[in-house]
Amino acid sequence: MSDLYPAVVETPRLRLVSRRPKHVGVHEAYGLCSAPEMDDVTRYMPWSRHETPNVTKDFLDRGESSWSDAESADYAIIPREGETGAGEIAGFGGLHTEWDRRVGELGLWLRPRYWGRGYSGERAAALAALAFDVLDLEVVSVSHVAANGKSQRAIEKYMAALGGGRDGRERNSIVIDGESADELRYSVSRRDWLATSGDYDAEFRWELDPDDVR
Amino acid sequence: MFPDEIVTPRLRLRALSRAVVDPLDAYEQFAASRSDTIEEETEFVTWSPHETPKETLEFLEQAEEGHESAENAIYAVFPREGEDGAGEFAGTAGFNPEWDKRRAVFGMWLRKEFWGRGYSGERAAAFFAAVFDVLDLDVALAYAMPENEASCRAIQKYTDRFGGQEDGLFPNETVGGDGTPRDVRGWSVTREQWEDATGGDYDAEFRWEDGE
């Protein structure tokens, strides 16, 4: 087994499991990706809630192909024992690796019931460590739609904790519901990450028995 | 879709093609082995001096395709009568529309002989009119590497003049001609800002070959 990305990332409260058909069941994922509450989740995202299980199958298949092509480490986010909703999929997130630029781009969405717990920051700290410490990238970046105040608060907070900050505004950089929207972009360099945090509370494992996903 | 020719007070921009610039003549300006200034001229761009005339040929063919398909507009820059070096191929300038995002990204490369004349700002004034008035886009963007002080100054000046702003400094946003990641500064002007600054007026003429 020689994948670049670890199949499992464990933080104090979360377990990240690779978003591939062998680790995430299509029917379970469809159940949450198709729920009406997803309209709140996708309000500032360039996609909509899944209308058929086939959309979810494509979503997981993309997780597999970008995994094996070393383009993106995408994960299901699963709260660990002791958390409310432990063992359920709380959402999905990952690290998109732009190798030629040495940049890792973070992305995440969580189901509304898991909002407000600080999961976003906990996952960001672990994936930033993966980017810098394991994958030898130079910059970790993240963007949110400028009007998305919730994401802005979460990102400002965890980016400051990682040693980074806002780079600027990307105008008309994303199309949401047919309308072009601005994004705010943030990043942290490896140097600033090392100077500010550098330490991390996350464990990476490259092997995972499919029967032991939860 | 794109104008075949754009005429400003001092410049004539012609849609770049093999007919407008002969591939072997252009190679003299693009080639590491032929031009004494090309290294300096490409220090802060994302391409490298051409190694063979075939590269120049393919670059021109690509420009023709981009013009035909309305995916990328790139022009050859010629100073007009009265300018030093009138009629010479002074460089290239273009804008890349992203139609779904309703924006366009400017780019320019000038031979060193033509630096410092304000051609960048004059070309930008014409491109703002092209993207806002002719193509109905909403935002125009320009980028430069922070070490490229001359370009940063030029862009700062013309975005100020048209009511725009600097949007940020983005680390490892692009890859240089030598393959290393490079930081990028970004500026923009929105259609509203351009209209407020100009009242929609401009000193440029657009021509289409089919007389459209």
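How many helices and strands does the secondary structure of chain A come to? This is a predicted model, and in it chain A comes to six helices and nine strands. Turn to chain B and you'll also find six helices and nine strands.

Let's stay with chain A for a moment. Its C-alpha trace spans about 40 × 40 × 35 Å along the principal axes. A compact globule with 214 residues would have a radius of gyration near 17 Å, and chain A, at 16 Å, agrees with that. Of those 214 residues, 39% are buried. Take the contacts in chain A between residues at least 6 apart in sequence: 66% of them join residues at least 24 apart.

Now for chain B. Here the C-alpha trace spans about 45 × 45 × 35 Å along its principal axes. The globule rule gives 17 Å for 212 residues and chain B has a radius of gyration of 16 Å, close to that value, so chain B is as compact as a globular protein of that length. Buried residues account for 39% of the 212 in chain B. Among its contacts between residues at least 6 apart in sequence, 61% join residues at least 24 apart.

So much for each chain by itself; what about the place where they touch? Chain A puts 18 residues into the contact and chain B puts in 17 residues. On the chain A side, the elements giving two or more residues are β7 (165-176) and β8 (179-189). The largest share of that side, eight residues, comes from β7(A). And what sort of residues make up the side of chain A that touches chain B? They split into nine charged, six polar and three nonpolar.

Key
Residues are numbered from 1 along each chain as its sequence is written. Chains are lettered from A and ligands numbered from 1 in the order in which they are written. This is a predicted model: local features need pLDDT of at least 70, side-chain atom pairs count only at pLDDT 80 or more; totals for chains, interfaces and linings use all residues. Two residues are in contact if their C-beta atoms, placed from the backbone, lie within 7 Å. Helices (H or I, at least four residues) and strands (E, at least two) are DSSP runs, numbered from the N terminus. Ala, Val, Leu, Ile, Met, Phe, Trp, Tyr, Cys and Pro count as nonpolar, Asp, Glu, Lys and Arg as charged, and the others, Gly among them, as polar. The radius of gyration is taken over C-alpha atoms; the globule rule is 2.2 Å times the number of residues to the power 0.38. A residue is buried if 20 or more other C-beta atoms lie within 10 Å of its own, exposed if 12 or fewer, and partly exposed in between; C-beta atoms are placed from the backbone.
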